[in-house]
Amino acid sequence: MRKMLTIISNVLRGSASRNGAELVSEGARVVVSARTYADFTPQASFDIKKCDVHKLEEGPPLQAVLTREEGLQYYRTMQTIRRMELKADQLYKQKIIRGFCHLYDGQEACAVGIEAGINLSDHLITAYRAHGYTLTRGGTVREIMAELTGRRGGIAKGKGGSMHMYTKHFYGGNGIVGAQVPLGAGVALACKYLGKNELCVCLYGDGAANQGQIFETYNMASLWKLPCIFICENNKYGMGTSVERAAASTDYYKRGDFIPGLRVDGMDVLCVREATKLAAEHCRSGKGPILMELQTYRYHGHSMSDPGISYRTRDEIQEVRSKSDPISMLKDRMLSNNMASVEELKEIDVEVRKEIEDAAQFATTDPEPPLDDLCNHIFYNDPPMEVRGTNPWTKLKSIS
Amino acid sequence: MASLRCFLRSGKVFVVPCDICIINSILLLQVTVRDALNQAMDEELERDERVFLLGEEVAQYDGAYKVSRGLWKKYGDKRIIDTPITEMGFAGIAVGAAMAGLRPICEFMTFNFSMQAIDQVINSAAKTYYMSAGLQSVPIVFRGPNGASAGVAAQHSQCFAAWYGHCPGLKVVSPWSAEDARGLLKSAIRDDNPVVFLENELMYGVPFEMSEEVQSKDFLIPIGKAKIERQGTHITLVSHSRMVSLCLDAAAVLAKEGIECEVINMRTIRPLDAEAIETSIMKTNHLVTVEGGWPQFGIGAEILARIMEGPAFNYLDSPAVRVTGVDIPMPYAKILEDNSVPQIKDIIFSIKKTLNV
């Protein structure tokens with residue numbers, strides 16, 4: 001049906017450009033036109049869900065303004081993350097990616113919304129479901145995918161893998177559940193110490209939220225007024241355990257106790273952005289840490305070795321996909337407010353698909369790291385040293 | 001003079017005020033290990049404003065063992081930070097601060113408590129430079145007293161040299177004298193990598209002579225190089241931290257019997273200076289290692305394995321042996337505790353057995 005519409009619309013578009021007239025095909029929401037960009041609405045205001053607050057005077061405003069440029073950029077980035085993760089799924093099933101692979105599809109609005117609320121000069125750290133953040137923090141799809149396939153062109157030269165990707169002011173990618181939270185507060189301490197008005201966004205999941213070291217961190221961050229935004233990405237399941245079975249209190253935004261908190265609709269990129277802006281303002285004004293709970297959902301299982309349907313129903317997954325998909329939500333908003341055209345968005349889809357294909361091509365053809373690299377990068381700024389191999393006669397070289 | 005020095009080196013704790021002895025017109029100071037550590041930190045805090053100290057009681061209490069005495073008064077809250085009793089949390093915070101450009105000194109009140117934070121030391125600090133293929137370095141020092149103390153019983157007496165020495169990505173240092181403490185701590189703080197700095201509580205109060213050269217602000221001891229504290233020809237003794245004192249005492253006793261021991265102070269656990277040990281064995285043909293920690297999978301075990309695998313094996317006239325702590329949790333009663341760690345007589349016994357005299 002879609003294919004037929006495309007053919008029809010192309011034909012009609014062809015004739016429209018000859019006649020200069022505007023045509024709308026019937027029976028479909030496809031708008032065929034020869035409109036110029038000047039015809040689009042430059043910006044619009046959207047209602048966003050009210051955030052529950054904890055120890056805060058008020059939450060973010062109930063309306064968010066979205067410009068056309070912003071909308072297109074958020075759309076492109078979310079779509080890039082979505083397609084990149086789905087490609088990773090494919091490559092994993094072909095055994096080109098191995099080991100752990102924790103996919104982020106469904107949660108795109110979180111990464112994109114957060115980045116929209118902070119600056120690249122701010123800092124961010126997360127756990128192992130990190131591919132989306134590696135992208136929003138400046139990594140390219142090519143180097144992310146090549147890292148997943150363990151090639152020398154990978155962002156960590158193939159030595160880190162899915163869970164250990166880094167960029168400027170992005171501290172990974174951390175495999176030990178919860179350990180990244182004190183690290184993030186440490187980054188925030190450095191921000192405060194160095195006086196550059198930067199902050200650190202420190203992410204963890206609903207599973208990690210019960211970790212003791214997180215409460216230790218809440219305490220110190222609060223005592224020392226560290227500019228730290230704690231963000232709990234609550235996707236309702238810690239691996240195979242639902243939040244009700246893991247946490248005595250599932251109000252994760254309140255778990256910081258003395259730390260003010262917000263509960264945010266994590267499927268709405270605008271809601272996430274507005275909440276992040278409020279949180280960033282709070283930190284930068286010297287008030288100390290703040291906590292955000294993003295209510296979100298992951299379509300895939302915990303990792304590629306988890307089908308994700310033993311502890312939840314296919315219906316549940318389907319329901320979220322049809323009613324709350326973050327990309328669809330943004331797309332509908334933009335289209336129904338005349339902020340973009342269907343073709344435009346389709347074109348973005350095509351470009352994204354191409355970018356992913358090229359990246360996947362690179363990731364599957366780039367050679368693996370050279371064996372010479374095996375023992376490198378043990379120490380920074382050190383003279384070359386010898387490393388024992390698997391037997392006493394094998395002495396391997398290590399350089400910084 | 002020689003016998004006085006031996007007594008002092010045995011680790012008996014007493015506070016000796018700094019004495020200025022002018023010997024042969026060289027200005028020598030008597031400095032305790034504690035003061036050496038304190039001065040090293042003070043100088044490095046002054047030299048680089050990214051350096052800061054955090055840990056329990058390090059600021060207003062002047063340090064649980066007074067190692068950081070006076071630093072908070074001088075540098076204030078920003079640079080000397082008292083933490084709550086939450087090792088995993090504050091060690092993680094220290095590592096994060098190092099990742100973001102600062103140069104933290106993270107004090108563990110004793111290394112026993114570092115077990116609670118060991119994930120941050122190994123997984124967050126040691127491995128990160130490698131996992132990131134050189135993108136993210138972690139210039140941090142973890143320091144504090146390690147190993148047996150006096151009467152503190154099992155949970156407060158463990159030696160972690162072997163545990164940390166096992167892990168690539170870490171440098172592990174174990175000073176003995178005041179000079180070691182000063183030079184190695186400065187090197188550790190200036191090092192751009194994670195360094196585990198194992199002090200010893202019983203050595204804190206022991207004074208050592210410090211030459212003018214050692215007192216200079218840029219005196220550094222390279223990490224990874226052992227020092228020969230006493231030249232000898234009949235047997236090589238390899239040790240680290242407080243046990244170096246016992247080795248020197250044993251050597252002094254044996255010298256009267258005509259046995260000349262070469263005493264090597266390892267100074268660094270990782271990277272291990274195997275070459276220094278091999279060179280010595282090629283001269284003496286016998287090896288005894290001495291450590292305070294448990295025998296199984298310990299420092300001595302590693303040294304012996306390396307000697308077996310290396311060129312020095314053919315120079316051994318008898319099997320190399322280890323003198324270690326007894327393979328038990330540390331008991332409390334004095335008589336039991338005294339018999340849980342190597343004594344001078346145990347070292348002498350092992351030397352004589354090895355030399356077959």
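Student: What share of the 357 residues in chain B is buried?
Tutor: Buried residues make up 60% of them, where buried means under 20% relative accessible area with a 1.4 Å probe and protein chains only. This is a predicted model, in which local features need pLDDT of at least 70, side-chain atom pairs count only at pLDDT 80 or more, and totals for chains, interfaces and linings use all residues. Residues are numbered from 1 along each chain as its sequence is written, and side-chain values use heavy atoms, without hydrogens and water.

Student: Why is chain B called as compact as a globular protein of that length?
Tutor: The globule rule is 2.2 Å times the number of residues to the power 0.38, and the radius of gyration is taken over C-alpha atoms. For 357 residues the rule gives 21 Å and chain B has 20 Å, which is close, so chain B is as compact as a globular protein of that length.

Student: What part of the contacts in chain B with a separation of 6 or more joins residues 24 or more positions apart?
Tutor: Such pairs account for 80% of those contacts, a contact being heavy atoms within 4.5 Å.

Student: How many residues does each chain bring to the contact between chain A and chain B?
Tutor: Chain A gives 36 residues and chain B gives 44.

Student: What area do chain A and chain B bury between them?
Tutor: About 3,500 Å², with 68% of it on carbon and sulfur atoms. Buried area is the accessible area (1.4 Å probe) that two parts lose on being put together, summed over both. A:Tyr166, A:Tyr193 and A:Tyr380 supply 21% of the area that chain A buries against chain B, more than any other three residues.

Key: Chains are lettered from A and ligands numbered from 1 in the order in which they are written. Buried means under 20% relative accessible area, exposed over 50%, partly exposed in between (1.4 Å probe, protein chains only).
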